Amino acid sequence: MNTILNLNKVKKNFVINGKKETVLDINLNVNKGEFVTILGPSGCGKTTLINLIAGFIKPDEGRVTFYDRKISGPHPDRNVVFQEYAVFPWRTVLENVKLGLESKNITKDEQESLAKKYLRLVGLEDVANMYPFELSGGMKQRVAIARTLATDPKILLMDEPFGSLDAQRREILQDELLKIYEKTKKTVIFVTHNIEESIYLGKRLIVLKPGKNSIKLDISINLPKSRDRTSERFRKIEKKVRQYLT
Amino acid sequence: MKNNLFKKIIKTLYPFAVLVIIWEIIFQCEVFPQYWFPGPFHVINIFFKMLFDGSLIKYSAISLLNTTLGFAAGAIFGIALGLYAGINKTFKDFVSPLISLVYPIPGIAWLPLVLLWFGFGYKAIIFTVGLSGFFSVFYNTLIGVENINIKYIRAGQSLGLRKFKLIKEVYFWGAFPFIFTGLKLGYGRSWRTVIAGEMLSFNIHGLGWFIWRSNEFFNFDQLLVGVISIGIIGLLVDKLVFKKIEEKKLKLWSEN
């Protein structure tokens with residue numbers, strides 16, 4: 001397998017109540033095309049992990065490399081879908097998706113048609129000219145996904161993207177994300193605190209805990225492509241994962 | 001529909017009608033000597049006379065031009081430096097104490113000095129007006145940048161926006177609701193300065209100059225026309241410029 005992302009003895013500390021505490025302490029390899037879900041309670045360093053890979057923050061110790069190069073800052077190759085809706089309220093849906101394409105070396109027409117292609121992918125071509133304030137939370141998050149995909153990232157970083165949606169919308173978007181994953185074959189790191197979501201989406205599941213040696217569990221999930229949340233095998237994995245979460 | 005519009009017009013106009021009636025009563029009862037306190041209908045009459053003979057338009061246009069030019073220059077500097085201070089902490093730490101000191105000084109206080117530098121004329125007025133507008137815009141832009149949710153900046157960076165493009169697309173628009181407040185406040189300050197500045201000058205024939213001259217010639221009816229015109233222009237600018245931007249742009253930030 002070819003590893004594209006490597007975290008080598010990476011440590012990140014934060015000062016909490018005047019005390020230095022290790023939030024993340026991790027060794028991790030991610031292969032091309034993997035769908036990795038990261039599960040853990042809040043405060044376990046899930047978002048910190050995403051921020052490190054995205055290049056928003058730097059590790060206190062160790063190295064984060066992507067395609068064998070040290071990560072020095074944010075880059076469209078490692079694009080992020082954020083927990084809160086980070087679509088720009090001052091741009092229309094289409095303009096949001098186009099923004100990442102504007103600095104690329106392509107014509108305006110190509111930008112437009114590419115942006116529309118990704119809006120079609122998330123089923124939002126009808127609202128292309130609306131502004132975010134006119135959309136529901138689920139739609140906003142689909143815009144964010146389209147915008148992120150439009151820059152053609154090598155890895156898609158998703159930080160609890162469906163966390164603020166109701167259960168029904170969450171499941172619809174999970175299925176859409178899996179379809180997009182099948183189509184684009186992107187590498188995905190998906191952070192969540194929802195056990196079911198992590199099993200439903202992931203091909204590989206990692207459970208994190210706060211403090212030293214953050215990885216508590218790292219398993220591959222060998223369930224069929226279309227997964228049944230109520231199947232016995234699904235429940236069995238859920239039971240196992242649950243033990244590691246306490 | 002038609003009925004509604006009619007109601008709206010009545011609703012807007014009747015406070016003014018009340019004001020005119022009270023004014024007329026004070027005038028008729030001769031609370032003040034009528035010579036110093038012209039009645040409303042006489043003033044309204046002069047107002048329309050000056051409006052139609054073009055003189056009022058001319059004075060207003062000069063004041064508006066001074067304000068707009070000065071304010072535009074002040075606002076551009078205010079936004080640019082405000083964005084820079086919001087992004088660069090070293091610059092902010094350097095410039096903030098200085099601006100806190102200068103901010104409370106009314107723009108007009110600088111005019112005598114500015115007149116020495118630039119001489120009597122448009123340059124001096126426009127500079128002072130710009131200075132008056134600058135601080136509100138600068139301050140609000142700075143606060144606006146500091147209040148941008150970090151997720152927007154990070155999203156912009158991850159999309160590959162760099163330097164000027166990031167500043168334009170994310171910092172500027174992210175801070176826009178605050179910048180807009182700064183522009184509104186700054187414009188008000190600029191107006192005050194332009195009127196006062198024109199009162200002090202003898203060769204710039206704007207509304208301020210007209211008011212001052214009317215005073216010196218004891219034309220208190222004309223003086224009132226000048227004063228009322230300032231109010232009307234302020235109202236028009238607010239309705240035609242700021243309200244329009246508010247309706248078109250600011251609603252985009254409303255959370256649903």
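User: What is K12(A) in contact with, leaving aside its neighbours within four places in sequence?
Analyst: K12(A) is in contact with E21(A), T22(A), V23(A), L24(A), T48(A), I57(A), K58(A), P59(A) and D60(A), where contact means heavy atoms within 4.5 Å. Bear in mind that this is a predicted model: local features need pLDDT of at least 70, side-chain atom pairs count only at pLDDT 80 or more, and totals for chains, interfaces and linings use all residues. Residues are numbered from 1 along each chain as its sequence is written, chains are lettered from A and ligands numbered from 1 in the order in which they are written, and side-chain values use heavy atoms, with hydrogens and water left out.

User: Got it. Is K12(A) buried or exposed?
Analyst: K12(A) counts as buried, because its relative accessibility is 10%. The cut-offs are under 20% relative accessible area for buried, over 50% for exposed, and partly exposed in between, with a 1.4 Å probe and protein chains only.

User: And which side chain does K12(A) meet in a salt bridge?
Analyst: That would be D60(A), at 3.7 Å from N to O. A salt bridge here is a side-chain nitrogen of Lys or Arg within 4 Å of a carboxyl oxygen of Asp or Glu. The pair links distant parts of the chain, 48 residues apart: K12(A) is in strand β1 of chain A, and D60(A) is in the loop between α1 (46–54) and β4 (61–66) of chain A. D60(A) counts as partly exposed, at 42% relative accessibility.

User: Nice. What does strand β1 of chain A pair with?
Analyst: β1 (residues 3–16) pairs with β2 (residues 19–31) of chain A, in the antiparallel sense and over eleven bridges. Strands (E, at least two residues) and helices (H or I, at least four) are DSSP runs numbered from the N terminus, and two strands pair if DSSP finds at least two bridges between them. T3(A) stands opposite N31(A) in β2(A). The hairpin has two residues between the strands, and N17(A) takes a positive phi near 50° there.

User: What's the strand order in the open sheet?
Analyst: The four strands run β2-β1-β4-β5 in chain A, with antiparallel pairing. β2 and β5 (69–70) stand at the edges with a single partner strand each, so one side of each is left without a neighbour in the sheet.

User: Switching topic: how much area do chain A and chain B bury between them?
Analyst: About 2300 Å², 60% of it on carbon and sulfur atoms. Buried area is the accessible area (1.4 Å probe) that two parts lose on being put together, summed over both. Chain A brings 30 residues to the contact and chain B brings 24 residues.

User: How many salt bridges are counted between chain A and chain B?
Analyst: Three salt bridges. One of them joins E102(A) and K165(B), whose closest N and O atoms are 2.6 Å apart. On the chain A side, β6 (78–81), α2 (93–102) and α4 (137–150) each supply at least two of the residues that touch chain B. By class, that side has 17 nonpolar, six polar and seven charged residues; Ala, Val, Leu, Ile, Met, Phe, Trp, Tyr, Cys and Pro count as nonpolar, Asp, Glu, Lys and Arg as charged, and the others, Gly among them, as polar.

User: Which other residue forms a salt bridge with E102(A)?
Analyst: R91(A) does, with the closest N and O atoms 3.5 Å apart. R91(A) lies in the loop between β6 and α2 and E102(A) in helix α2 of chain A, so the pair ties together parts that are eleven residues apart in sequence. R91(A) is buried at 8% relative accessibility, whereas E102(A) is partly exposed at 25%.

User: How many salt bridges are there over all chains?
Analyst: The whole structure has 27. In chain A, E171(A), E196(A), R229(A), R235(A), E238(A) and R242(A) are linked in a network of salt bridges.

User: Where is E238(A) placed?
Analyst: E238(A) is in helix α7 (residues 232–245) of chain A. At 8% relative accessibility, E238(A) is buried. Beyond its neighbours within four places in sequence, E238(A) is in contact with I195(A) and I199(A).
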